[in-house]
Every structure is written in structure tokens, then in C-alpha cells.
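Let me put the model up, and then I'll talk you through a few spots in it.

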Amino acid sequence: VMKGPGGTALFVVLGLALALLIWVSTRLSLAMPATIGERRMMAFSTYSWTKGNTLGVFAATVGLAAPLLLAIVAAGAVVGALAGDADAAFTPKAGKTAIYAGAQFVVLVGEHLFLLPALAGLSAFLYKGLRPPGLPKV
């Protein structure tokens, strides 16, 4: 752990970078469903669609993802506990890599089966709601 002014500066810079990344990804979150719906590349065209709605889009994403992530991580912890070492489920330890791999597999499968489809559905729903009415129908 870095202490002193260098550590504080690094923490602030990384925090600002994370905030910027979250803001940009929220603003561009409609690009994939819009590209499918409009049948043409809409990567940066949707940026203006979320203007004034960025906080709502972010809140909807967090509101959907947080409970799913908690359930997925809990399932991974259960796998670790059933294998005899709950801590090894999320921390690789010598001699306990099978527990770590099993728990991480459960988390990965949970993300792909539950979280990613839910986020795709949310972005499609938001695309339909935030699509400007003046765009021509395809």
C-alpha cells in the first residue's frame, strides 16, 4: 500500500479515471442495440441519446447488475464452502487451486448465463425508450 502524497495522488488519479470510464461507457451503452435495431453502425451516434439520462441509465444498470453479481459471488462462495475452504474460493492458495478454479468457474458461468443477458435486455429496453422519435424506421 502506498502511503503519503504519492499514494493519495495515485488514488485520486485512478478514481478519476474510473469515473471517466464509467461515464463514457454509460453514454455509449446503447451502441450495440442501436446498431442491431438501425441495421447500421451506431457506435458514436447514440452518445447524444443518453444526454440528460446518463445518471438514470447508470442507476438502472447498477440496480440490475448489483443483485445478480451478489448472487453469483455468493454461489461461488458456496462452492468454496462446500469444498472445505470458503476463503480459497476467491484467493488462490497453494494446494487449493481446484477450489479456486471451481468457484471461479461458477462465477464465470453465472455471469454469462444471467448477468450478460440481463444487461443486454436492459440496453435493448433503454434503446427503445431513448431512441429519438425523428429517426427513420428501418
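So, Lys93: with a relative accessibility of 28%, this lysine counts as partly exposed, where partly exposed is the range between buried, under 20% relative accessible area, and exposed, over 50%, using a 1.4 Å probe and protein chains only. Before I go on: this is a predicted model, so local features need pLDDT of at least 70 and side-chain atom pairs count only at pLDDT 80 or more, while totals for chains, interfaces and linings use all residues. Residues are numbered from 1 along each chain as its sequence is written, and side-chain values use heavy atoms, with hydrogens and water left out.

Back to Lys93 and its partners. Lys93 pairs with Asp87 in a salt bridge, with the closest N and O atoms 3.1 Å apart. By salt bridge I mean a side-chain nitrogen of Lys or Arg within 4 Å of a carboxyl oxygen of Asp or Glu. Asp87 is partly exposed too, at 44%. Lys93 also forms a salt bridge with Asp85, and there the closest N and O atoms are 3.4 Å apart.

Is Asp85 buried or exposed? Asp85 is buried, at 13% relative accessible area. Asp85 has a salt bridge to Lys96 as well, again 3.4 Å from N to O. Both Asp85 and Lys96 sit in the loop between helix 3 and helix 4, eleven residues apart. Helices here are DSSP runs of H or I, at least four residues long, numbered from the N terminus. Lys96 comes out partly exposed, at 31%. Put together, salt bridges with shared partners tie Asp85, Asp87, Lys93 and Lys96 into one network. The structure holds four salt bridges.

Next up, helix 4. It has 34 residues, and at 1.5 Å a residue it should span 50 Å; its end C-alpha atoms are 46 Å apart, which agrees. That expected span is 1.5 Å times one less than the number of residues. Helix 4 does bend, by about 40° at Glu111, taking the bend as the angle between axes fitted to the seven residues ending there and the seven starting there.

What do the buried residues of helix 4 pack against? They pack against helix 2 (31-38) and helix 3 (54-83), with contact meaning heavy atoms within 4.5 Å. Among those buried residues are Ile99, Val107, Leu115 and Tyr127. Gly129 is in helix 4 as well, but Gly129 is exposed, at 62%.

The largest nonpolar core has nine residues, including Leu30, Met42, Trp49, Val57 and Tyr127. A nonpolar core is a set of buried Ala, Val, Leu, Ile, Met, Phe, Trp, Tyr and Cys residues joined through side-chain atoms within 4.5 Å. Helix 4 gives the most to this core, with four residues.

Last stop, Tyr127. Leaving out residues up to four places away in sequence, Tyr127 touches Leu30, Pro33, Ala34, Gly37, Glu38 and Trp49. Glu38 belongs to helix 2 and is buried, at 4%. The side chains of Glu38 and Tyr127 make a polar contact at 2.6 Å. A polar contact is a pair of N or O atoms within 3.5 Å; within protein, one must be able to donate a hydrogen and the other to accept it, and residues adjacent in sequence count only if both atoms are side-chain atoms.

Key: Helices (H or I, at least four residues) and strands (E, at least two) are DSSP runs, numbered from the N terminus.
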